[in-house]
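Have the model open as you read.

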Amino acid sequence: MSEVDMPNIHEDSWKAIDETALFTPDQVGHKPRILLLYGSLRKRSFSRLVTEEAARILERFGAEVKTFNPSGLPLPDDDVDESHEKVQELRDLVQWSEGMVWCSPERHGSMTGIMKSQIDWIPLSLGAVRPTQGKTLAVMQVCGGSQSFNAVNQLRILGRWMRMITIPNQSSVAKAFLEFDDNDRMKPSGYYDRIVDVMEELVKFTLLTRGRSDYLVDRYSERKESAEELMARVNQRKL
């Protein structure tokens, strides 16, 4: 078969699809590492309680889980830099993780500022590394009233912006105050079953993509840009 004429393609940056990189990834021996974030600091925070239930389910599926407590995290741009201990804690956990769960209450038709502040403190790059790129993501929300999907829809947009692999399933718990017993454990319900579904799917996608995520997010445009930057530096030295 003759080569297709593509004059706009930068041949040095073009790569054919390598099926071996997709189907024979590096073997990873440790448990899937999942970081959970929640979006409320109330004493009885239902986003935190849902996150705690999700963490138990993830552990049952064989994952290693860590949950970030946003209490004490400063507002972004409030004359505080990344050296703040809570910012460092969050960023270290993001780098440790292979997948994440974001759970926010819906407040005024949106995710909370507490949820958004956590995401805003996660940088798009740390040196040459994009700390969220290629990681899996599950999104959930809790509602004070009837079921809504505004917060999870916004979290999906953010996950895409952060170049994360956001799984198809999601959870929205309506009237969350009715879904927990006096011991703050979630009652049996379709809402609980959906959280099990979401965590099961997250672990599957994390196992499927880790070890090959670098290849999955390797992009022609970025290879081309890097090659052009290298050529510019080499040519500049010759001047």
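## Who touches whom

Skipping its neighbours within four places in sequence, asparagine 150 is in contact with Glu106, Gly109 and Gln141, where contact means heavy atoms within 4.5 Å. Asparagine 150 sits in helix H5, residues 150-161. Helices (H or I, at least four residues) and strands (E, at least two) are DSSP runs, numbered from the N terminus. With 35% relative accessibility, asparagine 150 counts as partly exposed; buried means under 20% relative accessible area, exposed over 50%, and partly exposed in between (1.4 Å probe, protein chains only).

A quick word on the source: this is a predicted model, where local features need pLDDT of at least 70, side-chain atom pairs count only at pLDDT 80 or more, and totals for chains, interfaces and linings use all residues. Residues are numbered from 1 along each chain as its sequence is written, and side-chain values use heavy atoms, leaving out hydrogens and water.

Now for the salt bridges (a side-chain nitrogen of Lys or Arg within 4 Å of a carboxyl oxygen of Asp or Glu). The structure holds 11 of them, including these:

| Pair | N to O distance |
|---|---|
| Aspartate 184 and arginine 44 | 2.7 Å |
| Arginine 210 and glutamate 98 | 3.0 Å |
| Lysine 204 and glutamate 200 | 3.4 Å |

Arginine 210 is buried at 11% relative accessibility, and glutamate 98 is buried at 17%. Lysine 204, on the other hand, is exposed at 51%, while glutamate 200 is partly exposed at 29%. Lysine 204 and glutamate 200 both lie in helix H6, four residues apart, about one turn of the helix.
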